[in-house]
Amino acid sequence: MRRIRSGGRGVAVAVVLIGGLLAAGVLRAPALTSEVVLYSARHYGQEPAFEAFTRKTGIAIKILNGSTGEMFERLKAEGDKSPADVLLTVDAGNLWNAARAGLLQKIDSPELQASVPPNLRDPEMRWVGLTVRARTIMYNPKKVQPSELSTYEALGDPKWKGRLCLRTSGYIYNQSLIATLIKRQGEARTEEIVRGWAQNQPVIITNDTKILEGIAAGQCDVGLTNHYYLARLVAKDPAFPVAPFWANQSTTGTHVNVSGAGVTAHAKNRANALKLLEFLAGAEAQQMFADVGFEFPVNPQAGVNPIVARWGKFRQDDISIAAAGEFQAAATRLADRAGYR
Ligand SMILES: [Fe+2]
């Protein structure tokens with residue numbers, strides 16, 4: 001494995017050549033005759049699946065890591081000269097933006113259509129979800145009874161005034177949550193909901209892990225985060241004093257989002273790109289994602305990590321996650337009007 005840090009524009013470039021292990025005779029696999037170039041803005045828990053892909057196919061994966069914004073700018077600037085074959089990133093809102101900007105091409109793959117449920121992929125097949133994350137209510141069990149919790153909407157109840165921790169409204173995870181609320185309930189009702197949150201004067205915290213630590217430390221009693229951040233903390237400390245509550249079980253189901261990928265518009269190794277996506281959505285890689293990254297598989301043939309399974313089965317909102325993109329601009333304007341920054 002070789003890591004290279006590039007100079008310009010602060011983009012951390014990590015070229016990971018899994019072929020090194022093969023050449024060293026560590027792994028048995030077909031000779032490396034081809035490659036696939038991946039631009040990745042997803043940075044947690046995918047390495048075992050990538051290594052398994054190379055072992056199985058002999059196709060080397062070259063990875064360039066950066067933020068979603070950096071990857072978009074790079075793809076736009078490179079145009080048809082781009083070496084990228086696959087864009088991997090978090091949040092359907094980001095994938096939708098990439099598709100709308102013309103950075104992705106349509107994928108023709110019955111295998112992917114079979115592996116990934118329709119609500120977790122682009123209706124036009126320019127991207128597919130690869131892992132599922134629930135954004136739900138987190139609480140301090142010493143201060144809150146689960147019977148006091150119910151829905152995202154109810155976090156606007158005055159009883160939570162000064163007790164709520166949220167990330168900014170501008171962060172993509174919250175934009176997507178608000179966007180799907182708009183799709184489900186319309187703008188007027190969603191604005192009431194978000195105004196309720198804002199009127200509770202939430203403590204605004206810069207990332208999900210810090211929200212969970214804030215709840216544990218008594219800074220607030222409830223918050224909204226993605227489930228895998230809690231799983232990571234519980235994996236390190238099984239007694240970590242925060243519990244998840246699956247929101248909206250008697251209404252729409254808990255909001256879920258995806259990390260996912262698409263084949264870039266100017267992919268030079270298109271067939272390999274397709275093979276990679278098909279592999280990542282297959283049962284073997286899906287199990288690795290669940291085991292290492294604590295997310296839910298998109299493919300029902302894979303199981304859930306035991307730490308997450310302990311939190312019980314729950315109903316996921318089955319709305320098409322493309323709504324996160326369709327209503328993204330509306331969500332931003334709405335949060336502004338409602339006074340949620
Ligand atoms: Fe995340």
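Predicted model: local features only at pLDDT ≥ 70, side-chain atom pairs only at ≥ 80, totals over all residues.
**Note on helix packing, aromatic rings and selected residues**

1. Pro123 counts as exposed because its relative accessibility is 62%, where exposed means over 50% relative accessible area, buried means under 20%, and partly exposed lies in between, with a 1.4 Å probe and protein chains only. The residue sits in the loop between α5 and β4, and helices (H or I, at least four residues) and strands (E, at least two) are here DSSP runs numbered from the N terminus. Leaving aside neighbours within four places in sequence, Pro123 is in contact with Ser320 and Ala322, contact meaning heavy atoms within 4.5 Å. Its C-alpha atom is separated by 25 Å from that of Asp80, which is 43 residues apart from Pro123 along the chain.

2. Residues are numbered from 1 along each chain as its sequence is written, and side-chain values use heavy atoms, with hydrogens and water left out.

3. Asn119 also has its place in the loop between α5 and β4. Apart from neighbours within four places in sequence, Asn119 is in contact with Asp317, Asp318, Ile319, Ser320 and Ile321. Between the C-alpha atoms of Asn119 and Ala41, which are 78 residues apart along the chain, the separation is 22 Å.

4. Two residues deserve a look for their backbone angles, since most residues other than glycine have a negative phi. Met125, although not a glycine, has a positive phi of about 60°; this residue is found in the loop between α5 (110-115) and β4 (128-139), and it counts as buried because its relative accessibility is 5%. Asp91 is likewise not a glycine and has a positive phi of about 80°. Asp91 lies in the loop between β3 (86-90) and α4 (92-100), and with 1% relative accessibility it counts as buried.

5. How do helix α2 and helix α11 pack against each other? The axes of α2 (residues 47-57) and α11 (residues 283-293) come within 9 Å and cross at roughly 155°, so α2 is roughly antiparallel to α11. Axes are lines fitted to C-alpha atoms, for helices over the stretch in contact, and angles run from 0 to 180 degrees between N-to-C directions; angles under 35 degrees count as roughly parallel, over 145 as roughly antiparallel, 65 to 115 as roughly perpendicular and the rest as oblique. The crossing of α2 past α11 is right-handed, which is the term used if the near helix is turned clockwise from the far one by less than a right angle, anticlockwise being left-handed. On the α2 side Pro48, Ala49, Ala52 and Lys56 meet Glu284, Ala285, Met288 and Val292 of α11. These contact residues divide into six nonpolar, no polar and two charged, where Ala, Val, Leu, Ile, Met, Phe, Trp, Tyr, Cys and Pro count as nonpolar, Asp, Glu, Lys and Arg as charged, and the others, Gly among them, as polar.

6. The crossing of α7 past α14 is right-handed. From α7, the residues Glu187, Thr190, Glu191, Val194, Arg195 and Ala198 meet Ala330, Leu334, Ala335, Arg337 and Ala338 in α14, and the residues of this contact comprise six nonpolar, one polar and four charged.

7. How many aromatic pairs does a search of the whole structure find? It finds seven, a pair being rings of Phe, Tyr and Trp (its six-membered ring) with centres within 6.5 Å, where planes under 30 degrees apart count as stacked, over 60 as edge-to-face and the rest as tilted. Trp246 and Phe314 form a stacked pair, at 3.7 Å centre to centre and with 10° between the planes. The pair links distant parts of the chain, 68 residues apart, with Trp246 in the loop between β8 (243-245) and β9 (256-263) and Phe314 in the loop between α12 (306-309) and α13 (323-326). Both Trp246 and Phe314 are buried, and ring pairs link Trp246, Phe296 and Phe314 into a cluster.

8. Gly223 belongs to strand β7 (residues 222-226) and, because its relative accessibility is 0%, counts as buried. Beyond neighbours within four places in sequence, its contacts include Thr136, Ile137, Met138, Leu164 and Cys165.
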